[in-house]
Amino acid sequence: MSPSRSRRWLAVPLLLTLATAGLGSVVPSASAAAATGDASGVVRLDASRAGTPGRAPATMRTARKKQSDRRVQQVTVSWKGTKKRRVYSKSAVIPGIGRLSMTCRPNATYLRLRVEDRSAETQFWMAKYETKDNRAVVATKTARVYQYADAADDGTGGTGATSSEGLNQRGRIENFSSGYLDGVISQRPGRNQPVTGSAPRPVTSVKLNWWWTGFRHPMSWRSCKIDAVFTTRYAPRMGVSWHGDADAATTQHAEYDLPQLGTLQLRCEPDTGSREGRRTIALAPAMRNRSARVWVETVTGEGRVEQHVDGESIGYDPETGLVGSIDLPRNGMLRLFFEVGKVKRSFIVSSYLLTNNRARPELNVCETAVAAY
């Protein structure tokens with residue numbers, strides 16, 4: 001695999017990232033999302049984003065709108081070996097956090113996150129979809145930059161200012177590769193610091209396709225394309241995070257008003273005594289719309305898509321007035337596609353939790369973030 005300086009499984013509480021609105025054709029509807037699965041909820045690779053040996057996926061498009069509450073960037077690395085001028089790497093600014101570079105060379109294919117503040121807890125969650133050994137597979141990964149791994153760390157460990165995730169499957173890069181990923185980049189104070197009272201950083205979602213061919217042939221045969229859309233929503237900055245049970249007292253619940261859609265409700269409660277806390281997300285739709293619904297995809301672990309991606313359609317509950325609630329995975333991601341009447345909004349959620357350490361409650365964490373998708 002190509003460079004991965006600090007890629008770790010976050011086998012602890014939860015980073016949540018949702019996406020809302022405004023990307024035109026980039027944002028699929030709930031019905032379009034459900035079309036990637038079947039009645040049993042099994043989800044398949046999205047053929048329109050996977051490409052073939054002879055053809056790259058179509059370039060993603062974004063809505064050309066000036067919006068003060070969000071920033072949408074489209075960045076594409078595309079070159080052919082027959083051309084004299086070849087640009088192998090480009091980067092996107094991740095507001096308030098740093099930048100993400102995309103590199104595609106015949107000997108190196110990877111994404112690299114660079115942050116300005118290494119003492120903070122920065123996570124780039126991603127669900128990578130591709131074909132491996134003739135099987136459709138997914139891998140939930142986290143490129144993480146940090147100084148304090150937990151509240152007891154003295155700060156001498158951690159990572160450097162960058163963390164990378166490779167796109168190739170083998171040391172000698174394969175001749176052809178194609179796949180896509182959905183990701184979330186978020187940041188909060190380091191694990192040794194409480195989150196309460198800190199100003200949240202904006203959260204950025206990543207929607208990316210990659211494709212290359214001819215890498216084991218002469219240069220004139222080679223070509224590559226990495227196409228990405230980065231969406232940063234400045235307001236509201238959605239998410240629930242806390243470090244240690246004491247910090248959770250005032251930061252375990254949050255509600256966000258989403259125009260035309262409703263109120264998004266987040267809960268990330270620590271366990272107390274014999275009572276297990278609730279870690280959920282739900283929507284109170286505008287005007288208690290009985291036709292409201294959501295298609296949910298829960299992505300955890302690594303392996304065959306049908307074994308690690310669960311799809312489910314959830315309707316409106318007239319008794320609670322909610323769509324949901326939806327359980328947040330302890331170590332994984334969600335994709336949510338809401339429909340309320342004619343309004344459609346899409347969200348991506350990353351989830352990282354540790355809530356049951358009774359001997360060291362200061363080491364419990366909940367890290368969630370919500371971004372436009």
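Predicted model: local features only at pLDDT ≥ 70, side-chain atom pairs only at ≥ 80, totals over all residues.

Biologist: Which residues line the largest cavity, and which strand gives the most to the lining?

Modeller: The lining consists of P57, A58, T59, N209, W210, W211, K225 and D227. Strand 9 (203-213) and strand 10 (223-233) are the elements that give two or more residues. Strand 9 gives the most, with three residues.

Biologist: How much space lies in the largest pocket, and which residues are the closest to its centre?

Modeller: The largest pocket holds about 430 Å³ of space. It is lined by 24 residues, and R188, V195, S198, P200 and R201 are the closest to its centre. Strand 8, strand 12 (253-258) and strand 21 (365-372) each give two or more residues to this lining.

Biologist: Let us turn to the aromatic rings. How many aromatic pairs does the structure hold?

Modeller: The structure holds six aromatic pairs. One of them is formed by W79 and Y88, with 5.1 Å centre to centre and 80° between the planes.

Biologist: Why is the pair of W79 and Y88 called edge-to-face?

Modeller: Two rings pair if their centres lie within 6.5 Å, and planes over 60 degrees apart count as edge-to-face. The values for W79 and Y88 are 5.1 Å and 80°, so the pair is edge-to-face.

Biologist: What makes the pair of Y129 and Y180 stacked?

Modeller: Planes under 30 degrees apart count as stacked. Y129 and Y180 have 15° between the planes and 4.9 Å centre to centre, so this pair is stacked.

Biologist: Which parts of the chain does the pair of Y129 and Y180 tie together?

Modeller: Y129 lies in strand 5 (residues 121-132) and Y180 in strand 8 (residues 177-188), so the pair ties together parts that are 51 residues apart in sequence. Y129 is buried, at 3% relative accessibility, and Y180 is buried, at 4%.

Biologist: How do you know that R144 sits over the ring of Y146?

Modeller: The rule asks for CZ of Arg within 6 Å of the ring centre and within 35 degrees of the ring normal. R144 lies over the face of Y146 at 3.8 Å from the ring centre, so the distance is within the limit.

Biologist: What makes the backbone of D133 and Q260 worth a remark?

Modeller: Most residues other than glycine have a negative phi, and most peptide bonds are trans. D133 has a positive phi near 55°, and Q260 has a positive phi of about 70°. D133 is found in the loop between strand 5 and strand 6 (135-145), and Q260 lies in the loop between strand 12 and strand 13 (262-268).

Biologist: Why are D133 and Q260 called exposed?

Modeller: The cut-off for exposed is over 50%. D133 has 54% relative accessibility, so D133 counts as exposed; Q260, with 57%, is therefore exposed.

Biologist: Where are the cis peptide bonds from A235 to P236 and between G324 and S325?

Modeller: The bond from A235 to P236 is cis, with omega near -10°, and P236 is in the loop between strand 10 and strand 11 (241-243). The cis bond joining G324 and S325 has omega of about 20°, and S325 lies in strand 18 (residues 322-327).

Terms used: Residues numbered from 1 in each chain as written. Heavy atoms only, no water. Helix = DSSP H or I, 4+ residues; strand = E, 2+ residues; numbered from the N terminus. Buried < 20%, exposed > 50% of the residue type's maximum accessible area, 1.4 Å probe, protein only. 1 Å grid on protein atoms, 1.4 Å probe; cavity = no way out; pocket = protein on both sides within 12 Å on 5 of 7 lines; lining within 4 Å. Points joined across faces, edges and corners; volume = space filled by probe spheres on them.
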